[in-house]
Amino acid sequence: MRMFSGIIRVLAVLALASGTSTQAKIYEAVKGVSTLSYGLVHPMHHITGVSRDFLCKVDLSPDTVSSQIKVSAAVSSFDSKNSSRDSHAMEMVEAMKYPNVEFASTAVKPEGDGYLVSGNLTFHGVTRPVGFHVTPKSEGGKVEIIGEFAVKLSDFNVERPRLLFVPTEDKLTIRFDLFSLD
Amino acid sequence: MKHAGFVFGIPFAIALGCQIPSFAAEAAASAHPDSSPAPEAAPATDVAAMKDPLLPEVMSPGERLMWGKHGLMREIGAFPLTEESREKEMGLRRTMLTIHEIGGFATLAAMLTTVVYGQLTLNGNLSLGETHQAWATATIISYFTTASLSLLSPPPMVRRKEWNTVSIHKGLAIVHFTGMILTPLLADGIAREERGSSSPAKIDRDKAHIHQISGYITTATFAAAMMVITF
């Protein structure tokens with residue numbers, strides 16, 4: 001019963017069932033609780049950098065497809081629990097010149113138990129189209145949206161960080177766990 | 001050359017001093033998603049660019065002296081504290097740290113060679129004493145040059161108060177730095193005694209043994225300091 005009401009709530013709150021709502025609704029990710037993280041692999045070592053201080057605004061339209069999702073995070077807000085490594089990463093992405101990583105959606109379509117979000121990712125001054133699946137959940141007056149996607153550092157002209165002349169892998173996995181108020 | 005450790009050690013000692021926090025405000029403590037989130041939405045701010053301070057929150061006294069807001073490099077006008085200049089500093093920092101990595105390998109190789117020749121000399125091959133001394137000199141030069149490249153490099157973009165592999169690397173550096181001062185001093189003491197002795201071919205075994213242990217500890221901590229570093 002509880003699960004059923006949760007599903008109903010997700011559908012209602014996100015206005016993803018066409019015709020249930022006629023007004024656009026704006027959601028913002030709660031800072032300090034929502035996380036945006038990256039995963040990077042160096043031989044025999046997996047690195048995760050987490051940001052809890054970023055902006056995420058979802059302008060949810062009644063027809064879903066024309067919904068707008070905007071995310072902006074300062075490169076310096078990612079913490080991998082090693083500031084030397086974070087500083088090295090910031091050098092590689094030229095954080096002085098390109099301080100933010102940004103995402104702006106272009107389409108949101110229902111897919112399976114969630115939605116397929118397409119949009120443009122701007123990182124290191126380069127904009128590339130990306131697509132990913134998101135799964136929304138609703139519980140206790142909060143909406144949680146989880147998802148991940150991978151990009152290549154080389155696609156964004158980012159030189160791979162090196163230690164002892166060994167570079168990290170080219171693949172960068174981006175994960176998000178967004179909380180908003182119902 | 002026997003006192004090279006002291007000469008090179010001055011900037012090292014200044015820069016190695018414990019890192020102190022700047023007057024910059026502490027970052028706000030962040031909650032864990034598992035914990036009950038504060039039911040309060042972020043302010044309705046437009047997605048906009050966020051700017052950061054030019055210098056890190058934590059800097060060593062040496063870094064402050066060289067690269068701080070009123071540091072030597074700022075005062076002489078070589079690197080004014082601007083975004084453009086900090087960008088150049090980051091390039092310089094990466095170059096210095098890359099040479100520091102290469103220098104680390106070169107120093108370890110020289111250090112191991114010095115240890116081998118030292119052990120052979122202690123084992124009775126006294127004719128190898130001069131070769132041991134020559135390698136020790138090469139090790140001292142390589143060690144302090146390598147250390148200086150790291151200690152005198154511009155500060156990173158961010159540095160927080162935290163415990164990580166770099167903290168272990170620096171902790172071990174305090175041990176091997178002490179060893180790099182002590183070991184040549186002990187050798188110098190042995191050499192002085194030998195010069196004043198009526199039988200210079202004889203080695204004071206006790207002093208040589210302490211010098212030997214000091215050399216081994218220095219080499220082991222130096223190798224360990226290299227191994228703990230991960231990206």
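User: To begin with strand pairing, which residue in strand 7 of chain A stands opposite A:Glu102?

Analyst: Before the answer, some ground rules: this is a predicted model, in which local features need pLDDT of at least 70 and side-chain atom pairs count only at pLDDT 80 or more, while totals for chains, interfaces and linings use all residues. Residues are numbered from 1 along each chain as its sequence is written, chains are lettered from A and ligands numbered from 1 in the order in which they are written, and side-chain values use heavy atoms, with hydrogens and water left out. Helices (H or I, at least four residues) and strands (E, at least two) are DSSP runs numbered from the N terminus, and two strands pair if DSSP finds at least two bridges between them. In this case, the residue opposite A:Glu102 is A:Thr122 in strand 7 of chain A. Strand 6 (residues 100-111) and strand 7 (residues 114-123) of chain A pair in the antiparallel sense over nine bridges.

User: What does the turn of that hairpin hold, and which residue there has a positive phi?

Analyst: Two residues lie between strand 6 and strand 7 of chain A, and A:Gly112 takes a positive phi near 60°. Strand 7 of chain A also pairs with strand 8 of chain A, antiparallel and through nine bridges, with A:Tyr115 opposite A:Val134 in strand 8. The hairpin of strand 7 and strand 8 of chain A again has two residues between its strands, and A:His124 in its turn has a positive phi of about 60°.

User: Where does strand 8 of chain A go from there, and how many bridges join it to strand 9 of chain A?

Analyst: Six bridges join strand 8 (residues 126-139) to strand 9 (residues 142-152) of chain A, and the two run antiparallel; A:Ser138 stands opposite A:Val143. They form a hairpin with two residues between them, and A:Gly140 in the turn has a positive phi of about 55°. Strand 9 of chain A pairs antiparallel with strand 12 (residues 171-181) of chain A as well, over eleven bridges, and there A:Ile145 faces A:Leu178.

User: How many helices and strands does each chain have?

Analyst: Chain A comes to two helices and twelve strands, whereas chain B has seven helices and two strands, in the order α-β-β-α-α-α-α-α-α from the N terminus. Buried means under 20% relative accessible area, exposed over 50%, and partly exposed in between (1.4 Å probe, protein chains only). Buried residues make up 52% of the 182 residues in chain A and 40% of the 231 residues in chain B.

User: How much space lies in the second largest cavity, and which strand gives the most to its lining?

Analyst: The second largest cavity holds about 80 Å³. Of the eleven residues that line it, A:Tyr27, A:Val58, A:Ile145, A:Leu178 and A:Ser180 are the closest to its centre. Strand 12 of chain A gives the most, with three residues.

User: Why is helix 2 of chain A described as largely enclosed?

Analyst: Eight of the ten residues of helix 2 (residues 83-92) of chain A are buried, so this helix is largely enclosed by the rest of the structure. Contact means heavy atoms within 4.5 Å, and the buried residues of helix 2 pack against strand 2 (35-42), strand 3 (45-51) and strand 10 (162-163) of chain A together with helix 4 (83-122) of chain B.

User: Is B:Met157 buried or exposed, and which residues does it touch?

Analyst: B:Met157 lies in the loop between helix 5 (129-151) and helix 6 (165-196) of chain B, and at 9% relative accessibility B:Met157 counts as buried. Not counting residues up to four places away in sequence, B:Met157 touches residues including A:Ser87, A:Met90 and A:Glu91, as well as B:Leu55 and B:Arg86.

How values were computed. 1 Å grid on protein atoms, 1.4 Å probe; cavity = no way out; pocket = protein on both sides within 12 Å on 5 of 7 lines; lining within 4 Å. Points joined across faces, edges and corners; volume = space filled by probe spheres on them.
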